[in-house]
Amino acid sequence: MADYYEILHTVGFEETNLVGNVYYVNYVRWQGRCREMFLKDKAPAVLEEVRRDLKLFTLKVDCEFYAEITAFDELSIRLRLEELTQTQIQFTFDYVHLTDEGERLVARGRQRIACMRGPNTATVPSRVPEQLREALAPYAVNGKGE
């Protein structure tokens with residue numbers, strides 16, 4: 001079993017800029033998509049909690065770019081758990097260009113989220129749901145997951 005959760009993506013023209021390379025905001029979109037698909041595939045009960053009162057607040061997002069990619073490039077977006085506290089989760093995302101010659105890391109991102117509950121006017125920190133903790137455990141980087 002891989003130590004990351006993966007989604008595959010083919011870059012489209014609408015994700016590129018006038019020069020022809022991928023516009024930077026798409027990397028952040030792909031982080032969100034990967035996170036959503038992880039929840040759908042590995043922790044569906046957490047999605048039910050989100051429909052009720054669990055809120056996953058994104059606190060911080062970043063991305064470092066190492067190489068350019070263009071339309072029709074095949075990508076693997078790989079999620080790993082970097083840190084897990086009582087109320088927060090930090091993910092890393094590797095953006096890997098898949099070619100016939102092999103794999104090439106083109107970018108690396110991070111995302112920190114906080115679990116919160118309650119109405120919008122009185123939202124308070126909440127423990128990371130147990131099902132989410134269990135789903136994330138196999139993807140922990142260097143045993144840093146709780």
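**Salt bridges and their strands**

Modeller: Start with Glu15, which is buried at a relative accessible area of 2%. Buried means under 20% relative accessible area, exposed means over 50%, and partly exposed lies in between (1.4 Å probe, protein chains only). This is a predicted model, so local features need pLDDT of at least 70 and side-chain atom pairs count only at pLDDT 80 or more, while totals for chains, interfaces and linings use all residues. Residues are numbered from 1 along each chain as its sequence is written, and side-chain values use heavy atoms, with hydrogens and water left out.

What does Glu15 meet in a salt bridge? The partner is Arg29, at 2.9 Å from N to O. Glu15 sits in the loop between β1 (5-10) and α1 (25-42), and Arg29 belongs to helix α1, so the pair ties together parts 14 residues apart in sequence. A salt bridge here is a side-chain nitrogen of Lys or Arg within 4 Å of a carboxyl oxygen of Asp or Glu. Helices (H or I, at least four residues) and strands (E, at least two) are DSSP runs, numbered from the N terminus. The structure holds 12 salt bridges.

Next come Arg117 and Asp53. Their closest N and O atoms are 2.7 Å apart. Arg117 is partly exposed at 21% relative accessibility. Asp53 is partly exposed too, at 33%.

Arg110 meets Glu82 in a salt bridge of 3.1 Å, N to O. The two are 28 residues apart, with Arg110 in β5 and Glu82 in strand β3 (residues 74-84). Arg110 is partly exposed at 25%, whereas Glu82 is buried at 18%. Salt bridges with shared partners also join Asp3, Arg80, Asp94 and Arg108 into one network.

Now strand β4 (residues 88-99). Of its 12 residues, 9 are buried, and the strand is mostly covered. β4 pairs with β3 in the antiparallel sense over 10 bridges; pairing requires at least two DSSP bridges between the strands. Ile77 has Tyr95 in β4 as its bridge partner. With 3 residues between them, β3 and β4 form a hairpin.

β4 and β5 also run antiparallel, joined by 12 bridges. Phe91 stands opposite Gln111 in β5. A hairpin connects β4 to β5 through 2 residues.
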